Amino acid sequence: MKSHLLFLVSLAFGLGTQAQTTTSYSWDNLPQVARPVFKADTINILKYGAVADGQFLNTRAINQAIEDCSKKGGGVVLIPAGLWVSGPVYLRNNVNLHLAKSATLFFTADKSQYKIIEGEYEGRKVARNESPINGKDLENIAITGKGIIDGNGDVWRAVHQRQLPPPDWQKKVASGGVVSDDGKTWYPSQQFKDATVAKKSMLLMPGKPLSAFEDMKDVLRPNLLVLNNCKKVLIEGVILQNSAAWCLHPILCEDLTISDVMVKNPDYAHNGDGMDIESCRNFIIENSILDVGDDAICIKSGKDEEGRKRGRPSENGIIRGNTVYKGHGGVVVGSEMSGGARNLFIENCSFLGTDKGLRFKSTRGRGGVVENIYARNLFMKDIVQEAVFFDMHYFVKFITDSERDTRPVVNEGTPVFRNMVFENIACSGASHALFIRGLSEMPIQNITLKNSVLKAETGIELVEVSNIRVENVQLKTKADKPLVLLNTAKNVTIDGLKYGGDVNVLVKLDGKDNQKISIRNTDTKKVKQPFELSDGATKNQIVIK
């Protein structure tokens, strides 16, 4: 009982379950990210017998060049123009792997070249095939240039018939592999189908060796690039595409720079995330283009109990100058964020046709504190769903899921999202302008949206929230829907709200648990009804000044 009370007190005083950083970051005091520095010495992979014919397997040549370069104190390993086929590549300390313009590093479809290893997936320890590019416990490393890195993902991925036009589906079926019994899903192999149908788990368990996963090897899809516990990392200029799963996965890294890259995955790519920054400290993602099959720029920090035990938030990050086309979200936090996330600064990004713009997601049992997130100067067009989205009821059944406590009580598994300011957002087209849904036991707290113009079918919907401010925001919505819908909302201030066209209802209060709703400096004469009450809501819940 005492420990439970201490936990509640820690949340109330803003401590959460993580040690707090001592630096107070702001737009005037952004996190600093150290970049690697390399010797000018250059080694060409041609000297190691590499052949650029699109057939010869260059795994040994590339890895030997990297190894020798590192042993000599580091420098640059050059992959010149050409089509280079390879198996898994391992980075080494003080080496910059540089792909020249017109160089394509294309990873082999021969799955026997990829060993089954202990890896990470969706925040859990799992069996996986080696990633095409790997690095662990390294310092001062880079991948740079103007070349292309291609993960050959189609040989690894399943795809549903509904995801492809009929000619592409027919071509896929004719290419080999097997089709599900109902004819609606294509699998790369019979083994992939059998493991999927049997719902075999990839989770590592005590006493279960890696060799025990050989009968499901084909379903253990690798991420294209995995860097684990590395410091001073630079990824710059290259195109990374066609991954079997996530494209870029830095985990437990420090001083990470991703700049001027293009990340591409087909829109049908299952788990085809662009970048998943997991439990990293001091990072910058800038001036990059993403067009992917899942979340684009995603911040994570482990899943459920494993993530909480690790206790490493993703923190002190800058995300700026990026353009996202297709993707489930432009910038995303969660849902595997059990170690928390804090001190993130997002600015000057464009989201063009993404499912959501800013996306925050979690669920009961995750835990973690997500706080101190600031976004400004974001430009969105043709957003399929919400421009700004929070949901603490996110649930998709994953193959890495295990039992967790989903009771509506405050404990170590309760996710906490708080202290965020979003400003100068322009959105032309979305289903919702702003959607926030917290938990009954832990509302989403202290969120401000200001100085923004959003055109959407529906305006603002707030459920299970506390201390929300909407300041100087212009909404353009459909007349038949309330501009603002509130349910179990407390201490909400809407100041200087503007709206265009005919609006039937300005604010709808739903339920008896709304408190201290304040509408200020907002023209209520143009609406047919300033507020509407339903399901036990009362007039004393709202004040219009």
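Between which two strands does the loop that holds Ser102 lie? The views below answer this and show the rest of the predicted model.

**View 1. Ser102 sits in the loop between strand S6 (95–99) and strand S7 (103–107).** Strands (E, at least two residues) and helices (H or I, at least four) are DSSP runs, numbered from the N terminus. Ser102 has a positive phi of about 75 degrees, yet is not a glycine. Most residues other than glycine have a negative phi. Ser102 counts as exposed, because its relative accessibility is 54%. Exposed means over 50% relative accessible area, buried under 20%, and partly exposed in between (1.4 Å probe, protein chains only).

**View 2. Asn372 lies in strand S31 (residues 369–381).** Asn372 is not a glycine either, but its phi is positive, about 60 degrees.

**View 3. A cis peptide bond runs from Gly334 to Ser335.** Its omega is near 0 degrees. Most peptide bonds are trans. Ser335 is found in the loop between strand S28 (331–333) and strand S29 (341–352).

**View 4. The second largest pocket has a volume of about 380 Å³.** A pocket is an open set of points on a 1 Å grid over the protein atoms alone, where a 1.4 Å probe fits, with protein on both sides within 12 Å along at least five of seven lines. Points are joined across faces, edges and corners, and the volume is the space filled by probe spheres set on them.

**View 5. The lining of the second largest pocket has 20 residues.** Lining residues have an atom within 4 Å of a point. Ile117, Glu118, Gly119, Val226 and Asn228 lie nearest the pocket centre. Strands S8 (116–121), S9 (124–129), S10 (133–136), S16 (225–228) and S19 (248–251) each give two or more residues. S8 gives the most, with four. By class, the lining holds six nonpolar, eight polar and six charged residues. Nonpolar covers Ala, Val, Leu, Ile, Met, Phe, Trp, Tyr, Cys and Pro; charged covers Asp, Glu, Lys and Arg; the others, Gly among them, are polar.

**View 6. The setting of these sites is a protein chain with five helices and 42 strands.** Of its 545 residues, 58% count as buried. The C-alpha trace spans about 80 × 55 × 50 Å along its principal axes.

**Notes.** Residues are numbered from 1 along each chain as its sequence is written, and side-chain values use heavy atoms, with hydrogens and water left out. In this predicted model, local features need pLDDT of at least 70, side-chain atom pairs count only at pLDDT 80 or more, and totals for chains, interfaces and linings use all residues.
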